[in-house]
Amino acid sequence: CPPQEVWDFLLSPESAVLTGTGVLKAFRVPGTPVGVVGEQQCLVYDVGGRVTIHMAEVVESEPPRKVVTRWLTMPTGMLNISTLLPTATGTSYTDRLGFQVARGFSKKARPEVLKAMAESQVRLKACVEAGTRFPSPTA
């Protein structure tokens, strides 16, 4: 798939329900811009039977190549950097996640985070290759 198709899917909040672990619902925050810096999305998670809400905000955007999101409600100062590059066979997708972990917990947290990211990328690839689309957003 070309980068624009992957970009459109990736920036759609609904994609989080299909690709994220435990995401029950996701939507754009009304009154925020769409597809540009300042866009905010709200994600509702089921974490061990407990419903949790997190907010993400686009802080850098270079469509359809790079998007940086900051998680406003994470106490760890989490940033997510997604990069898309065209290739001879479609698109290369790279996802980098940065956050603070309390001393002594990184060895335990790292495998869990890497596993969740790998599972999400497998789901993302399957959805994009299957042609999954969402309605176009309205500003």
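## Strands S4 and S5

Strand S4 and strand S5 (residues 79-87) run antiparallel and are joined by 5 bridges. Within this pairing, Val-68 has Ile-81 in S5 as its bridge partner. Two strands count as paired when DSSP finds at least two bridges between them. The strands themselves are DSSP runs of E with at least two residues, while helices are runs of H or I with at least four residues, and both kinds are numbered from the N terminus.

A word on what you are looking at: this is a predicted model, in which local features need pLDDT of at least 70 and side-chain atom pairs count only at pLDDT 80 or more, whereas totals for chains, interfaces and linings use all residues. Residues are numbered from 1 along each chain as its sequence is written, and side-chain values use heavy atoms, with hydrogens and water left out.

## The chain as a whole

The chain has 3 helices and 6 strands. Reading from the N terminus, the order of elements is α-α-β-β-β-β-β-β-α.

Of the 139 residues in the chain, 32% are buried. Here, buried means under 20% relative accessible area, exposed means over 50%, and partly exposed is in between, with a 1.4 Å probe and protein chains only. The accessible surface of the chain is about 8500 Å², and carbon and sulfur atoms account for 58% of that surface. These areas come from the Shrake-Rupley method with a 1.4 Å probe, and for residues only the protein chains shown count as cover.

Contacts (heavy atoms within 4.5 Å) give another view of the fold. Taking those between residues at least 6 apart in sequence, 33% join residues at least 24 apart.

Let's walk along the strands. Strand S1 (residues 23-28) pairs with S2 in the antiparallel sense over 5 bridges, and Ala-26 stands opposite Leu-43 in S2. Strand S2 (residues 40-47) has 6 of its 8 residues buried, so the rest of the structure largely encloses this strand.

S2 also pairs with S3, again antiparallel, over 8 bridges. Val-47 has Arg-50 in S3 as its bridge partner. The hairpin of S2 and S3 has 2 residues between the strands, and Gly-48 takes a positive phi near 60 degrees there. Next along, S3 and S4 run antiparallel with 6 bridges joining them, and they form a hairpin with 3 residues between them.

## Salt bridges

Searching the whole structure turns up 4 salt bridges. The criterion is a side-chain nitrogen of Lys or Arg within 4 Å of a carboxyl oxygen of Asp or Glu. Side chains of opposite charge can pair when their charged atoms come close.

One of these links Arg-70 with Glu-57, with 2.6 Å between the closest N and O atoms. Arg-70 belongs to strand S4 (residues 66-71) and Glu-57 to strand S3 (residues 50-62), so this pair ties together parts that are 13 residues apart in sequence. Arg-70 is also the bridge partner of Glu-57 in the pairing of the strands. Glu-57 counts as buried at 14% relative accessibility, whereas Arg-70 is partly exposed at 38%.

Glu-60 forms a salt bridge with Lys-66, the closest N and O atoms being 3.3 Å apart, and Glu-60 is partly exposed at 29% relative accessibility. Glu-62 forms one with Arg-65 at 3.4 Å between the closest N and O atoms. Glu-62 is partly exposed with a relative accessible area of 32%, and Arg-65 is partly exposed at 38%.

## A nonpolar patch and a buried serine

Leu-24, Val-51 and Ile-53 make a nonpolar surface patch of about 290 Å². Patches are built from residues with over 30% relative accessible area and no salt bridge, joining like charges within 9 Å and nonpolar side chains (Val, Leu, Ile, Met, Phe, Trp, Tyr) within 5 Å. Leu-24 is found in strand S1 and is partly exposed, with a relative accessible area of 47%.

Leaving aside neighbours within four places in sequence, Ser-15 is in contact with Phe-9, Leu-10 and Phe-134.
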